[in-house]
Amino acid sequence: MEDDFGDVLRKAMRGTGVGSETLAREIGVQPRIIEAWLQYDGAADDEQARALARVLRLDPGALADSAAKRWHPPHIAAHDVRHHPQDPHPSNGYVFFLEEGRRAALVDPAGLPQNLLRVLRDGDYHLQYILITHKHADHCDATAAVAEAFPQAQIVMHKLDSAAIGPLAGKALEVRDNETLPFGDGANIRMLHTPGHTDGSSSFVFASTAFTGDTLFAGSVGGAYGDASTYGDILNSIRSKLFTLPDETVIMPGHGPPSTIALERLHNPFFPRGD
Ligand SMILES: [Fe+2]
């Protein structure tokens, strides 16, 4: 899992503005216990996790599962999606294919360019799109190298984040929420503007897979680091734009393992059930 109990706790405390003192008082422990949990030193028991969840507006059962490390998504392999590590970054990049592997799109060009280019050149296909989920270096610092190697590929990125790719921003097609990009014969890629982690954070949906960048992780959400967008925005982006996708949609996040929309609705601590 990308995020441990300590990460979930930190993101929710920061997002709701509830400090360790208040939280400690509310659940009846010493503030140093909360500080220890934030440092991954121990974790709440079931009863404490449920009390924390009520204060932090998290799901009690899912937070208790996170504290006890009781839930992990099953192994999910999506057809026609290849994952590649983005050394030296700890992030995930993906290439997905159609037409029996003859046409492809890349999600998040990042990491050492020579490694990425070796992976990308391993196949006889047409790279049609370079899709960028957001502006952080671990998701787009190899854009120039990939664009140079595949000059026909169209870069797609939200304009609120595109300054990160320098002069190439001028060539990027802007993400427009809910618009589609034609991809092969009758197929398309749907773009979703999902702000919160950054102002221009975007997700891309192809067939029954959603590439969610650092917006939605298995069992967690990205940190809210927007200039204008907030913790409330990231939760709202997920609720209104990702959780409305079909249950069986596989999510391929920017960090950590894949999951599905149905599993996240049930197990993600940031979304209280019955919300
Ligand atoms: Fe990020």
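Me: How do I read relative accessibility, and does Thr215 count as buried or exposed?
Reply: Residues under 20% relative accessible area are buried, those over 50% exposed and those in between partly exposed (1.4 Å probe, protein chains only). Thr215 has 1% relative accessibility, so Thr215 counts as buried. This is a predicted model, in which local features need pLDDT of at least 70 and side-chain atom pairs count only at pLDDT 80 or more, while totals for chains, interfaces and linings use all residues. Residues are numbered from 1 along each chain as its sequence is written, and side-chain values use heavy atoms, with hydrogens and water left out.

Me: Where does Thr215 lie, and which residues does Thr215 touch?
Reply: Helices (H or I, at least four residues) and strands (E, at least two) are DSSP runs, numbered from the N terminus. Thr215 sits in the loop between strand S10 (209–213) and strand S11 (216–217). Leaving out residues up to four places away in sequence, Thr215 touches Thr194, Ser201, Val221, Gly222, Ile234, Ile238 and Leu242, where contact means heavy atoms within 4.5 Å.

Me: How do I read a metal site, and which residues coordinate the iron ion?
Reply: Donors are N, O and S atoms within 2.8 Å of the metal (3.2 Å for Na, K and Ca), and water is not among the atoms, so sites may look incomplete. Here the iron ion is coordinated by His134 (NE2), His136 (ND1), His197 (NE2) and Asp214 (OD), at 2.2 to 2.3 Å. His134 lies in the loop between strand S4 (126–131) and helix H7 (137–140), and His197 in the loop between strand S8 (188–193) and strand S9 (202–206), so this pair ties together parts that are 63 residues apart in sequence. His134 and His197 are both buried.

Me: How do I read a pocket, and how many residues line the largest pocket?
Reply: Rolling a probe the size of a water molecule over the atoms shows where empty space is left. On a 1 Å grid over the protein atoms alone, a pocket is an open set of points where a 1.4 Å probe fits, with protein on both sides within 12 Å along at least five of seven lines, and lining residues have an atom within 4 Å of a point. The largest pocket holds about 250 Å³ of space, and of the 16 residues that line the largest pocket, the closest to its centre are Arg10, Lys11, Gly222, Gly223 and Tyr225. Helix H1 (residues 5–16) supplies the largest share of this lining, five residues.

Definitions and conventions
Points joined across faces, edges and corners; volume = space filled by probe spheres on them.
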